[in-house]
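Open your viewer and have the selection panel ready. We will walk through a predicted model, one stop at a time.

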Amino acid sequence: MQDLIRELLIQLGEDPDREGLARTPRRVEQAFRFLTSGYHADVDAVLNDALFTVDYSEMVIVKDIDFYSLCEHHLLPFFGKCHVAYIPRKQVIGLSKIPRLVDVFARRLQVQERLTNQIADTIREKIAPLGVAVVMEATHLCMSMRGVEKQNSFAVTSAMLGAFRNNARTRMEFLELIKLRSAVPGLRDAAPAGLACVGED
Ligand SMILES: [Zn+2]
């Protein structure tokens, strides 16, 4: 990969041998290996020893989970907050494991919609809850840095399964508890994620 980064620097019109860039290919490789480490992460290993059987059927919420991912269309970051809720049937996930689960899927090349769905689907598969909801709010640098006009670089996506899909009151309770940033004036017209930067070269 370092040879490719060195060639990229040349193609950008840079001198890869100047002092400041001498170790850049190595650093970039290390950064990309880390930012895509989710491909090699094992969900079962992450959740290992953290699934518990409990007699509890109220909504569990973990909100404001910071996440950083890479847009698969431009290899530029998108990042923001992830909110996860579920209603247990028999099992719960250790709370500290939810952010790690988000990282497993965020540290890949992604579109925000797929990332949102993968987190929700995984929780459904692992503990079969009565319902699971995931909302992600993110800023996309591929849009804001490039100054793409007439498109908001802020996007909100959601995945609502089971009780959160079927029961409007449950859904509203969750949305009220996370108080979406998109409810702030000026952010209401958030673009659907992914769609935003697709279709343009
Ligand atoms: Zn993009």
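Is aspartate 64 buried, partly exposed or exposed? Select Asp64 in strand 2, which covers residues 60-71. Aspartate 64 is partly exposed, with a relative accessible area of 39%; the band for that label runs between 20% and 50%. Check its backbone too: phi is positive, about 60°, although the residue is not a glycine.

Next, go to leucine 75, in the loop between strand 2 and strand 3 (77-87). Here is another non-glycine residue with a positive phi, near 60°. Leucine 75 is partly exposed, and its relative accessible area is 41%.

The largest nonpolar core holds 33 residues, and Phe67, Cys82, Tyr86, Ile119 and Ile123 have the most contacts inside it. A second, separate core has nine residues, including Ala85, Ile87, Ala133 and Ile178.

For the last stop, select helix 1 (residues 2-11) and helix 2 (residues 24-35), which pack at about 120° with axes 8 Å apart. The two helices are therefore oblique to each other, and helix 1 passes helix 2 in a right-handed crossing. Show Gln2, Ile5, Arg6 and Leu9 on helix 1, then Thr24, Pro25, Arg26, Val28 and Glu29 on helix 2, to see the contact. Its residues divide into four nonpolar, two polar and three charged.

Methods
Residues are numbered from 1 along each chain as its sequence is written. This is a predicted model: local features need pLDDT of at least 70, side-chain atom pairs count only at pLDDT 80 or more; totals for chains, interfaces and linings use all residues. Side-chain values use heavy atoms; hydrogens and water are left out. A nonpolar core is a set of buried Ala, Val, Leu, Ile, Met, Phe, Trp, Tyr and Cys residues joined through side-chain atoms within 4.5 Å. Buried means under 20% relative accessible area, exposed over 50%, partly exposed in between (1.4 Å probe, protein chains only). Axes are lines fitted to C-alpha atoms, for helices over the stretch in contact, and angles run from 0 to 180 degrees between N-to-C directions. Helices (H or I, at least four residues) and strands (E, at least two) are DSSP runs, numbered from the N terminus. Angles under 35 degrees count as roughly parallel, over 145 as roughly antiparallel, 65 to 115 as roughly perpendicular and the rest as oblique. A crossing is left-handed if the near helix is turned anticlockwise from the far one by less than a right angle, and right-handed if clockwise. Contact means heavy atoms within 4.5 Å. Ala, Val, Leu, Ile, Met, Phe, Trp, Tyr, Cys and Pro count as nonpolar, Asp, Glu, Lys and Arg as charged, and the others, Gly among them, as polar.
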